[in-house]
Structures are given as C-alpha cells and as structure tokens.
Amino acid sequence: MKNFSRRNFCKTLTTLSSSMLILPSWAKSTKGKPSERLRIAIIGPGGRGEVAVETFGGVGLAQFSKANRKVLGNAIFKPLPNCPPCELVAFCDVDWDFASASFRAFPKIPKYKDYRKMFDEMSDKIDAVVVAVPDHMHYPITARAILEGKHVFCEKPLSRTFWEADEMTRLAQKAGVITQMGNQGATSDSWRRLREWLDANIIGKITQVHCMTPCPIWPQGNLAIPDASKIPSSLDYKLWLGVAPDMPYSPNVVPFNWRGLRNYGTGAIGDMGCHIIEPIFNAIDLPLPRKLKATCDKTSLNDYTWASSNQIDFEFETPYARDGIMKMRWYDGGRMPDSIKDVDMETLIARNFADRRPRNILLIEGETGAVQVGLYGSAMKIFPRQKMIELKKAKAFPPQKIERSAFPSNPHFEFAWACLGKCKTSSPFTSASRLAQICQLGSLSTLFSGEELHFDTKRKSFGSVEIDKHLHSLYEYRKEFIL
C-alpha cells in the first residue's frame with residue numbers, strides 16, 4: 001500500500017461533504033484469500049486497549065493486572081486458547097507512562113504518540129487497528145484507519161455524536177473492511193437466547209423495558225472548567241485533546257474522568273448504554289426511537305458537563321411489543337424504578353455504594369412474566385422465580401435456533417478471526433452505529449429535559465434546527481486532525 005500523507009488524508013476527507021464518497025482504490029479491502037497472520041496496531045494500549053494487548057499478545061489477565069505493572073518486565077507469554085494467528089506490530093498512546101505496562105510487556109514493538117505519524121510510517125505493516133481512546137477521538141482515528149484500508153475494532157460507544165456514527169459506518173461499507181464495536185455482550189449467548197424466548201412467547205408481548213446503571217461513577221454534573229495544572233512530561237496533551245477545543249489540563253479529567261464532560265464523552269447512558277441496552281437491541285433488532293422524553297437534574301447540567309442523574313423514556317416501533325410500541329426507560333445517577341411486578345427490588349441493588357443504587361441491569365417486562373439480563377449478558381433470570389423453576393423442570397425452554405458466536409464474551413478474538421475470513425463479527429458498525437445512536441439520542445434528550453421529542457427515524461431528524469444541531473459536534477474539529 002502506498003504511503004498516505006496527512007495532506008492526502010485531509011483532501012480525501014473533504015469529500016465527506018459530497019453526496020457520494022468514492023474511496024481511492026488503495027483504500028479498498030483486497031478480495032481473495034485473507035492473510036494467514038493478522039498484524040494489529042493498538043491505539044490506546046494504556047487504557048481500555050490493555051485488554052486488546054492482553055488478548056492478542058497472549059497475556060493472562062492476572063499476569064497483566066495493574067498490581068503487577070512494576071514487575072511485569074520482559075516476560076515471554078504463551079498464546080491464550082483459540083488465539084488467532086496475529087501479531088502486535090505497533091502501539092500508539094499519547095501518554096507513555098500510562099501505557100508503560102504494555103510497553104514493558106512487549107519492548108520491541110514500535111511505539112508512537114501520534115496516530116497520524118504511525119500510519120505515515122507503518123501503514124504497509126498494519127492489517128487491523130484497535131481504537132481504545134476517549135470518545136471524541138474515535139471518529140478521526142477510525143476514519144483515518146479505514147481510509148488506509150485497515151480493519152477496525154473500535155471501543156464503545158463507537159462515536160461521540162450521532163453524525164459521526166453514520167459517517168464511520170458509511171466509510172467502512174465503502175472500503176469493505178471488517179469492523180467491530182467493543183461490546184462483550186454482543187458475542188454472548190444472552191441476546192440470542194432472549195430472542196428465542198421471545199419468539200417462543202415465554203413472557204408474552206413486551207410491555208415495558210427498564211435499563212439501570214449505578215453510573216456515573218466518575219464526576220458528572222455540577223462541574224466547572226478546572227484550573228490549569230502542570231501537564232505531566234509523559235503526556236502530549238495537545239494530542240489528547242485532538243479534535244476538541246483548547247481546555248486547561250487537569251488530572252481530574254485525564255485519563256479517566258472525561259466521560260461526564262460534553263466535549264469528550266457522552267455521559268452515563270453513552271458510556272454504559274451500549275452494554276445494558278444491547279441484549280434487547282440485538283434480540284429484536286431495535287430500530288431508532290420515534291419518541292424521547294428526559295427528566296434530569298437541570299441544575300447540574302451546563303455546557304461543560306452532562307447532568308448528574310437522568311431518567312429517559314424511549315418509544316420504539318416493534319412487533320415484539322404489545323400494540324407494536326415498546327416503551328423503554330433508562331435510569332442513572334441513583335435513579336431506579338419504585339417497583340416492578342413479581343421482582344424483589346432488593347435483588348437489583350448494588351452493594352458497593354454508600355447510597356442506594358441499582359446494579360447494571362436490563363429488565364424486560366412482558367404480559368406473563370419478566371426477564372432480567374445482567375451486565376455483558378450475564379445472569380439471565382425469569383420472574384416470577386417460580387415460573388423459571390417450572391420451565392426448567394418441564395424442559396420447556398425453546399431449542400437453540402440462532403447461531404452462537406464461537407468466541408462468547410471475547411469480541412477481540414471474534415474480530416481477529418473475522419479479519420482472517422473465518423467468521424463474522426457480532427457488532428459490526430452497520431448495527432453498532434444504531435445502538436450507539438440510541439444512546440446518543442438519549443443524551444441529547446437530557447438537554448431538553450421535560451420536553452417530548454419526536455424523532456423521524458427515516459429522515460433522522462427532530463424537525464427542529466435547534467435540536468438537530470446536537471446530532472453533530474457543537475465545536476469545529478481541529479483541521480490538523482480532520483480537514
């Protein structure tokens with residue numbers, strides 16, 4: 001593949017504003033026999049990307065724990081079971097101290113701070129990229145990788161804005177690359193089993209869906225722009241900001257607490273919704289919502305931060321719901337339902353918080369019972385409990401009809417094997433973008449707390465310039481990263 005300069009990248013991305021995007025021939029995936037060995041670059045090996053390093057590098061989770069960072073050294077690790085034939089070929093992180101565990105584990109792998117330089121120098125040595133950085137940089141990095149013809153694994157929630165999710169999907173489809181959003185639950189059996197239960201009428205038609213999280217567990221709401229602090233020598237803060245506008249550096253934001261800030265993250269529903277909503281999303285192929293109404297702590301919301309607690313009501317059209325309309329309610333910031341029929345509410349409480357908060361739970365009420373799904377698709381239960389006991393005793397659960405992933409709860413392995421032509425991904429951008437957009441619409445609705453918002457799912461518009469502007473970034477991207 002020819003070298004792709006930043007100038008050429010900018011020229012190519014300019015065509016995004018036209019009605020059709022025609023990628024150069026070198027940016028299209030090559031048909032034919034896939035490579036026998038996948039060469040992977042990790043962008044963000046100091047954060048969530050550590051899991052990708054652990055997985056593709058054959059490092060056991062316990063060996064790679066933060067407690068062992070100082071003693072990890074230059075150990076040689078054996079491949080994990082079913083590990084795809086892959087090779088880590090490049091690391092890129094804006095903070096080399098933060099990524100030091102990955103660097104020490106694999107000291108010979110080239111490391112960069114600027115992903116643009118990495119692509120300039122190593123594009124012909126990379127087949128696939130893992131993007132595990134703050135949300136505001138998902139789009140520019142993924143777009144560059146796709147235009148380089150690379151397969152992309154991008155962490156949830158895929159993008160920061162609704163528009164970015166659409167554009168990332170469109171680019172990937174044009175290039176013909178393999179994509180995967182980092183979402184463990186999509187590879188699990190849970191949504192597949194849920195679909196089989198719903199098709200078998202185990203709980204009847206859906207009447208109400210509840211989505212709960214104890215998050216935010218980071219600062220969110222009632223925040224002001226922090227005073228400037230000294231930037232660590234290991235961190236390139238300008239690269240961390242990337243497309244975002246100038247803002248004083250603060251250790252209260254970098255590296256973790258950006259999630260509740262509107263310039264970088266999408267709040268609690270953006271961060272956790274792709275996990276909690278995922279089982280029902282995949283089980284019934286959930287469309288975009290036709291109606292939303294949020295109730296939030298307005299006093300905690302400002303231009304800098306998302307609100308501290310939210311309740312968001314969604315309405316979706318689906319044949320799986322009674323009368324064809326599924327109602328779903330999202331709770332965060334300590335909010336939760338007062339009661340749910342046949343459910344002991346105490347079993348939903350998280351025990352590791354000083355205040356009363358729910359665990360990360362999806363609960364689907366039906367005409368004749370309810371189904372609970374835990375985080376990442378864990379601990380599926382039917383209520384009332386006696387109903388589940390009787391179904392098990394009578395062996396009345398429906399047979400398995402939907403094909404399972406060969407790599408349950410391991411989206412990284414599934415992605416790599418898909419790149420090698422052996423399977424398909426469970427959370428490709430074509431569907432993951434819609435899941436991310438459901439969450440992003442939820443975040444957007446909190447900016448208009450108390451108002452019922454009607455969304456045209458075909459035109460992807462609220463029919464209001466004032467509301468629709470929030471489907472895009474409210475700040476102009478820095479040109480050196482995009483245009």
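User: What makes the contact between R144 and E148 a salt bridge?

Analyst: In this predicted model, the side chains of R144 and E148 approach to 3.0 Å, N to O. The criterion is a side-chain nitrogen of Lys or Arg within 4 Å of a carboxyl oxygen of Asp or Glu, so the pair qualifies. Both R144 and E148 are buried. The structure holds 25 salt bridges.

User: Why is D127 called buried, and why is R39 called partly exposed?

Analyst: D127 has a relative accessible area of 16%; buried means under 20%, so D127 is buried. R39 has a value of 28%, which lies between 20% and 50%, so R39 is partly exposed.

User: What makes the salt bridge of R39 and D127 a tie between parts separated in sequence?

Analyst: The closest N and O atoms of R39 and D127 are 2.9 Å apart.

User: Where do E167 and R170 lie, and how do you know whether each is buried or partly exposed?

Analyst: Both E167 and R170 lie in helix α6, three residues apart, which is about one turn of the helix. Their salt bridge has its closest N and O atoms 2.9 Å apart. E167, at 8% relative accessible area, falls under 20% and is therefore buried. R170, at 22%, falls between 20% and 50% and is therefore partly exposed.

Conventions: Residues numbered from 1 in each chain as written. Predicted model: local features only at pLDDT ≥ 70, side-chain atom pairs only at ≥ 80, totals over all residues. Heavy atoms only, no water. Buried < 20%, exposed > 50% of the residue type's maximum accessible area, 1.4 Å probe, protein only. Helix = DSSP H or I, 4+ residues; strand = E, 2+ residues; numbered from the N terminus.
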